[in-house]
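Trainee: I would like to go through the labels used for this model. Please set each value against its cut-off.
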Amino acid sequence: HMLGCPEKPIDEARSLEKKGELGKAAEAYAAAAKADRANLSAWDGAVRIWCKELARIDKCLEVLDLELQTLGKLSRHHDYLSVALENRAKQRMQQGLIKSALMDLKRAAKAGPLRASVYVEQARAYSALGIRHLAEQALAKARKLDPKNKAADQVAKQLPSEEGFGGDQVASPESSTVSK
């Protein structure tokens, strides 16, 4: 095999990804990107897996920083980081870690201020904490960015009727079927 063949590492990364070995695939994409810094699909593969699919904030930031040093400022970085933080926030909310989720969502909003879904998730978190006025503010921001956002309408219906009482959303569909 010739070492100079730039397609080999990216082919390896793609086959690992097809097998569902996402962590190894992301590492292989990153290695391919380091070996051939102009290989944008290698950068994209590493960023997509670490930031979007696995929501590994540490690895996401690492690969984005490396890409930034190599290729200069890229606006899409902010969106990727925002998506990664939003995904991690959703995972944290499912685990009941509402305040940690809100910290991620604040950072997600800073990174991607035009992403309506971030504000919808903020509203969901504030609703779960029973902080109606902040939930309403977050929904207003989401609707300003995306007036037809269906998720915003859904969260609005679940808002607590008054301050201090968490919305319906605390009782997830799974928990209501447990009593069978």
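Mentor: Start with Arg132 and Glu136, which form a salt bridge with their closest N and O atoms 2.8 Å apart. The model is predicted, so local features need pLDDT of at least 70 and side-chain atom pairs 80 or more, while totals for chains, interfaces and linings use all residues. Residues are numbered from 1 along each chain as its sequence is written, and side-chain values use heavy atoms, leaving out hydrogens and water.

Trainee: Why is the contact between Arg132 and Glu136 called a salt bridge?

Mentor: A salt bridge is a side-chain nitrogen of Lys or Arg within 4 Å of a carboxyl oxygen of Asp or Glu. Arg132 and Glu136 have N and O atoms 2.8 Å apart, so the term applies. Both residues lie in helix H8 (residues 132-145), four residues apart, about one turn of the helix; helices are DSSP runs of H or I, at least four residues, numbered from the N terminus.

Trainee: What makes Glu136 count as partly exposed?

Mentor: Buried means under 20% relative accessible area, exposed over 50%, and partly exposed in between (1.4 Å probe, protein chains only). Glu136 is at 35%, so it is partly exposed. Arg132, at 25%, is partly exposed too.

Trainee: How do you know that Glu17 and Arg48 link distant parts of the chain?

Mentor: Their side chains meet in a salt bridge at 2.6 Å, N to O. Glu17 is in helix H1 and Arg48 in helix H3 (residues 40-53), 31 residues apart. Arg48 has a relative accessible area of 26%, so it is partly exposed.

Note on methods: Helices (H or I, at least four residues) and strands (E, at least two) are DSSP runs, numbered from the N terminus.
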